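Good morning, colleagues. Please bring up the sequence and the model, and keep both in view while I speak.

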Amino acid sequence: MALRDELGPYFGEYGGRFVPESLIAALDELDAAYTAAKTDPVFQEELAELHRTYTGRPSLITEVPRFAAHAGGARILLKREDLNHTGSHKINNVLGQALLARRLGKTRLIAETGAGQHGVATATAAALFGMECVVYMGEVDTERQALNVARMRLLGAEVVPVTAGSRTLKDAINEALRDWVANVDNTHYLLGTVAGPHPFPVMVRDFHRIIGEEARAQVLELTGKLPDAVTACVGGGSNAMGIFHAFLDDPEVALYGYEAAGDGHLTERHAATITRGRPGVLHGTRTYLLQNEDGQTAESHSISAGLDYPGVGPEHSWLNDIGRATYLPITDDEAMAAMRLLSMTEGIIPAIETAHALAGTMKLGLELGPDAVILVNLSGRGDKDMETAGKYFDILDTAALTAEAEEEFAMRASETGNHA
Amino acid sequence: MSTSPVSAVESVIAARKAAGSGALVGYLPVGFPDLRTSIEAAVALAENGVDVIELGLPYSDPVMDGPVIQAATLTALNAGFRLQHGFEAIAEITARTDVPVLLMTYWNPVVQYGVDRFADDLVAAGGAGLITPDLIPDEAREWLDASSRTDLDRVFLAAPSSNHARLEQAIELSRGFVYAVSTMGITGTRKDVDSAAKTLVARLREAGATSACVGLGISSPEQVREVLQYADGAIVGSVLVEALATGGVAAVAATAARLAAGTIH
């Protein structure tokens, strides 16, 4: 069977449904509605129309030669999901699920959010469809992503800061699941990544598949061949699954997912789930997890709220185990250096999440050399990160910044050694 | 429901039923506020009319639990609770009382410990079985095998939203009792027990259940009495945890005794 045809609920030994019995009926209902919608031309046309007239699809690909000069001269192409309405890939999945929720007669959308990108996208869809919206966000994240909190509130959503546990994304998911159990009659849980119980991993992937499908055709048209590698950042892994999926059965295309290594994947402060974790059960699915010996979930750490998650989508766990995709750690400092470099060489400010993919791509480019073509999922824009970035960088003059960015990257690259 | 050899939990419930009433199942988390006190509190449940002890294993991501139990289990984890402490507590509690002890645990700790190893160590400690709030029978193959091999009870959940086939499955694969979730929600005290509970138990009976206990939102002797009019047992948790948090073991004993009055006509 083609790798692209995996439909869940299991990807190898990963996936499934590890949730309270109370949610099973809702998951079955969602699964049935999704299965019907997949082959329903009316649904597909509704979604396609929204993408054309609201999201702004197809998104561009942009070649970035000045950035690529710092990456071994490889040809680097960015899939510009940052240009989508609301500023990231998240809107692809949100519009699909919101349409499904409407079909199911649900009037209330709830969501978890880390960086706030998914929360903003969900609040946007709720405003568009006239639905009530509650977004759960770890208290730590509401502080480091205050701008997105304001955006969600302006869109009419209620933002609930979650004070339980580590007060980050994983705790926001717990709280959203508790809300869903209690309000499943009128509420759809609009899960924002390719994790959670079936059918979420496969459904969210499918709503993001359009990223890879568009990009594959765009790269073929521009270069006459498939790229040598496709890269993306991986927290839960929705943007990565979205761009990987179209290439899963092209064995000549290497797939790289870059995890958040925080202070370093060998320290205690990281979110490098596949690099450092082991299989377990969290948030309804069996997958790689950061956890202690007793199976208690470990706290993850990353400068990017969107990657600060101790789990990962089950399909990524499977792609890792079968060797189809490679997952590598990128530190906070490497990501921030790449964020600055793309901003200063190409005039594109990426989200800090996305900057992890750029940092990984720089290492990969050095390894593959100038003949390589690398497609990067530029999953989100960095406007929301200005506070974090401003604090991180201080203010220096432009020349010093560029020199420092290059120097810093060269130093990091020599410290961490070879790419793989 | 499997019958051989006889489940101690099922026998206790059947005996209370035969006497014209039903069983009181009392929940407390192990390790809260500390391991020693949690053992004393569990023994106090047994000495004050609780028929089955449900010992909660602290877990970092308890999605079925409300604020009271979340706070208690987080306290236990922050104080250094390890799985080994759970087995130690069960061994001591079962040495001091004949009341059967079920362990309520989210699934990942069992997976990481090893399902077979967990079952063997639970038997060795004198535990009666597991209540698994985030493990549905569909995903439970390893646990079904391990519990059958060791004759441990396995309590699956039934919800108001479960269809008939799922109720039948929960009944067939549960041993000890079926945990009937009274309401679409999480643990915590509620003013009224949802009328959905009565309907659910009636549907469970229709599907063949002989041992069904109702949990979620039960916190007074009146509610215990009301539930036992149609169910085989009433499960009480948050109000006991609150008592322990505010008044220690003595308050747990008093609260358990007060709740147990609800099992007497």
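This is a predicted model: local features need pLDDT of at least 70, side-chain atom pairs count only at pLDDT 80 or more; totals for chains, interfaces and linings use all residues.

**Backbone geometry, sheets and the chain contact**

I begin with a residue of chain B: L216(B) counts as buried, because 27 C-beta neighbours lie inside 10 Å of this residue. L216(B) sits in the loop between β8 (212–215) and α10 (221–228) of chain B. Its phi is near 90°, a positive value in a residue other than glycine. For context, most residues other than glycine have a negative phi, and most peptide bonds are trans.

T86(A) is not a glycine, yet its phi is positive, at about 80°. This threonine belongs to the loop between β4 and α4 (90–103) of chain A. Is T86(A) buried or exposed? T86(A) counts as buried, because it has 23 C-beta neighbours inside 10 Å, and the cut-off for that class is 20 or more.

Two peptide bonds of chain A also deserve mention. The bond from G8(A) to P9(A) is cis, with omega near 0°. P9(A) is found in the segment before β1 (10–11) of chain A. A cis peptide bond also joins H198(A) to P199(A), here with omega about 15°. P199(A) lies in the loop that runs between β8 (187–189) and α9 (200–223) of chain A.

Let me now turn to chain B as a whole. Its secondary structure comes to eleven helices and nine strands. Along the principal axes, the C-alpha atoms of chain B fill a box of roughly 45 × 40 × 30 Å. For 265 residues, a compact globule would have a radius of gyration near 18 Å; the value for chain B is 16 Å, which agrees. Of the 265 residues in chain B, 60% are buried. What share of the contacts in chain B with a separation of 6 or more comes from residues 24 or more positions apart? The share is 73%.

Next, the strands of chain A. Strand β4(A), residues 75–80, is mostly covered, with five of its six residues buried. Which strands pair with β4(A)? One is β3(A), residues 61–63, which pairs with β4(A) in the antiparallel sense over three bridges. Within that pair, T62(A) stands opposite L78(A). Another is β14(A), residues 373–378, which runs parallel to β4(A) and is joined to this strand by six bridges. In general terms, strands of a sheet pair through backbone hydrogen bonds, either parallel or antiparallel.

Chain A also contains an open sheet of four strands, in the order β7-β6-β5-β8, with parallel pairing. Its edges are β7 (158–162) and β8 of chain A; each has a single partner strand, so one side of each is left without a neighbour in the sheet. From one strand to the next, the twist averages 20°. The partner of β8(A) is β5(A), residues 108–113, and these two strands pair in the parallel sense over three bridges. In this pair, I110(A) has Y189(A) of β8(A) as its bridge partner.

I come now to a pair of helices in chain A. Helix α13(A), residues 332–346, packs against helix α14(A), residues 352–368, at an angle of about 90°, and their axes are 7 Å apart. That makes α13(A) roughly perpendicular to α14(A). The residues that meet include A335(A), M339(A) and L342(A) from α13(A), and I352(A), L358(A) and M362(A) from α14(A). By class, the contact of α13(A) with α14(A) has eleven nonpolar, one polar and one charged residues.

Finally, the contact between the two chains. How many residues does each chain give? Chain A gives 27 residues and chain B gives 31. On the side of chain A that touches chain B, the elements giving two or more residues are β2 (14–18), α1 (24–38), α8 (169–183) and β11 (278–282). The largest share of that side, six residues, comes from α8(A). Sorted by class, the residues on this side of chain A divide into twelve nonpolar, nine polar and six charged.

Thank you; I would be glad to discuss any of these points.

Terms used. Residues are numbered from 1 along each chain as its sequence is written. Chains are lettered from A and ligands numbered from 1 in the order in which they are written. Two residues are in contact if their C-beta atoms, placed from the backbone, lie within 7 Å. Ala, Val, Leu, Ile, Met, Phe, Trp, Tyr, Cys and Pro count as nonpolar, Asp, Glu, Lys and Arg as charged, and the others, Gly among them, as polar. A residue is buried if 20 or more other C-beta atoms lie within 10 Å of its own, exposed if 12 or fewer, and partly exposed in between; C-beta atoms are placed from the backbone. Two strands pair if DSSP finds at least two bridges between them. The radius of gyration is taken over C-alpha atoms; the globule rule is 2.2 Å times the number of residues to the power 0.38. Axes are lines fitted to C-alpha atoms, for helices over the stretch in contact, and angles run from 0 to 180 degrees between N-to-C directions. Angles under 35 degrees count as roughly parallel, over 145 as roughly antiparallel, 65 to 115 as roughly perpendicular and the rest as oblique.
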